[in-house]
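Here are my notes on this one, as numbered points. Have the model open while you read.

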Amino acid sequence: MTPNVQLPPCPHCGQSLLPFTLPADGGWDGSVQFACFNDDCPYYVRGWTWMEEKFGVRSSYRHRVDPRTGAASPIAVWSSTALRDRIIEDDVVAASPDADVIPGSGPGSGGEGI
Ligand SMILES: [Zn+2]
């Protein structure tokens, strides 16, 4: 039950976006962002082909929205699991600025070696 937080749907696949945080050491300020983590999202699926053809890299991107500005822009991902350990579980969204979110605290999900 999360009273006031309404996550917008992805315009590409219709799934609800999920909140996540970006690493502060990547030049981000660690604020909450919304992104589509649907692996079947056409935007994300198409991204693999596009990146490989254009840049020869195995990478893609997901639909992302900055909740503070409402602006949408792609966030690059290097695997289907990238950034997943940064997804914020439901109820803590916008709850309090000092919400205790521990990245990567879930059980190990197998080694997908590079
Ligand atoms: Zn989507």
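1. Start with the largest nonpolar core, which has 13 residues. Leu17, Leu18, Phe34, Ala35 and Cys36 have the most contacts inside it. β1 (18–21) and β2 (32–35) are the elements that give two or more residues to this core. By nonpolar core I mean a set of buried Ala, Val, Leu, Ile, Met, Phe, Trp, Tyr and Cys residues joined through C-beta atoms within 7 Å. Buried means 20 or more other C-beta atoms within 10 Å of a residue's own (exposed is 12 or fewer, partly exposed in between; C-beta atoms are placed from the backbone).

2. A word on what you're looking at: this is a predicted model, where local features need pLDDT of at least 70 and side-chain atom pairs count only at pLDDT 80 or more, while totals for chains, interfaces and linings use all residues. Residues are numbered from 1 along each chain as its sequence is written.

3. On confidence, the chain has a mean pLDDT of 81, with 68% of its residues at 70 or more (pLDDT is the predictor's confidence in each residue, from 0 to 100). Over residues 95–99 the pLDDT is below 50, and this stretch has 1 contact in the model beyond near neighbours in sequence. A contact here is two residues with C-beta atoms, placed from the backbone, within 7 Å.

4. Leu18 deserves a click: leaving out residues up to four places away in sequence, Leu18 touches Phe34, Ala35, Phe37 and Ile87.

5. The layout is 1 helix and 4 strands, in the order β-β-α-β-β along the sequence. These are DSSP runs numbered from the N terminus (helices H or I, at least four residues; strands E, at least two).

6. Now the pairings, where two strands pair if DSSP finds at least two bridges between them. β1 and β2 run antiparallel, joined by 4 bridges, and Phe20 has Gln33 in β2 as its bridge partner. β2 also pairs with β3 (residues 60–65), antiparallel over 2 bridges: Ala35 goes with Arg64 and Phe34 with Val65.

7. β3 pairs in turn with β4 (residues 72–77), again antiparallel, over 6 bridges; Arg62 has Ile75 as its partner in β4. The two strands form a hairpin with 6 residues between them, and Gly70 in the turn has a positive phi of about 80°.

8. How many residues of β3 are buried? The count is 5 of the 6, so β3 is largely enclosed by the rest of the structure. Across the 114 residues of the chain, 18% count as buried.
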